[in-house]
Amino acid sequence: MPPKFDSASINIIFIRTIGGEVGAASSLAPKTGPLGLAPKKIGEQLCNATTEWEGLKVICKLTVQNRQASVQVIPTASVLILKALKEPRRDRKKVKDIKHNGDLPFKDIVKIAKIMRNKSSAIDLKGCIKEILGTAKSIGCNIINNK
């Protein structure tokens, strides 16, 4: 028999979900069930927290204390780039292997690098900008240098 769950402790769960959609309760149940949380309620909280990131796969941080969950969205570099491209929403089930060929100004790359600075392994902002440029190239977008 597993040990009893301590309700006073703080538990952190990372979940990758699609923004603005309620995830399947069957995928949330193994993570939230042992903590005494209803997967359907957590799915609705995730949906409400990720409405700004609609259609994009984002990582959410669930902080659970006293059977109360708080949701925090943790965007990745690729998600921030896709959001900056402002592509129209598509149906994930029907449209597969999409090419993201848009143009991004360099100002947006710097803005994304400043957001991602604390997660980056680069020493300075210049290295972080290079990381973001590499991610943008792998996604397939072009960088416009406005002077």
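What pattern does the protein follow, read along the sequence? Going through the sequence gives β-α-α-β-β-α-β-α-α-β. Some notes for a first look.

1. Ground rules. This is a predicted model, where local features need pLDDT of at least 70 and side-chain atom pairs count only at pLDDT 80 or more, while totals for chains, interfaces and linings use all residues. Residues are numbered from 1 along each chain as its sequence is written, and side-chain values use heavy atoms, leaving out hydrogens and water.

2. Overall make-up. You'll find five helices and five strands here (DSSP runs numbered from the N terminus: helices are H or I with at least four residues, strands are E with at least two). Of the 147 residues, 33% count as buried (under 20% relative accessible area; exposed is over 50%, partly exposed in between, with a 1.4 Å probe and protein chains only). Take the contacts (heavy atoms within 4.5 Å) between residues at least 6 apart in sequence: 61% of them join residues at least 24 apart.

3. The sheet. Three strands make an open sheet in the order β1-β2-β3, with antiparallel pairing (strands pair if DSSP finds at least two bridges between them). β1 and β3 (68–74) are at the edges with a single partner strand each, so one side of each has no neighbour in the sheet. From one strand to the next, the twist averages 30° (angles run from 0 to 180 degrees between N-to-C directions, with axes fitted to C-alpha atoms). Eight bridges join β1 to β2 (residues 57–65), and phenylalanine 14 has lysine 61 in β2 as its bridge partner.

4. A surface patch. Phe14 turns up again here: together with Ile10 and Ile12 it forms a nonpolar patch on the surface, with about 310 Å² of accessible area in total. Isoleucine 10 sits in the segment before β1 (11–18).

5. A buried threonine. Threonine 32 belongs to helix α1 (residues 25–32) and is buried, at 0% relative accessible area. Not counting residues up to four places away in sequence, Threonine 32 touches Leu37, Pro39, Ile42 and Leu62.

6. The loop to check. Most residues other than glycine have a negative phi. Asparagine 66, in the loop between β2 and β3, has a positive phi of about 55° although it is not a glycine. Arginine 67 is found in the loop between β2 and β3, and has a positive phi of about 60°. Asparagine 66 is partly exposed at 47% relative accessible area, whereas arginine 67 counts as exposed at 51%.

Notes:
Patch = residues over 30% accessible without salt bridge, like charges linked within 9 Å, V, L, I, M, F, W, Y side chains within 5 Å. Areas by Shrake-Rupley, 256 points an atom, 1.4 Å probe, with all protein chains shown as cover. Salt bridge = Lys/Arg side-chain N within 4 Å of Asp/Glu carboxyl O.
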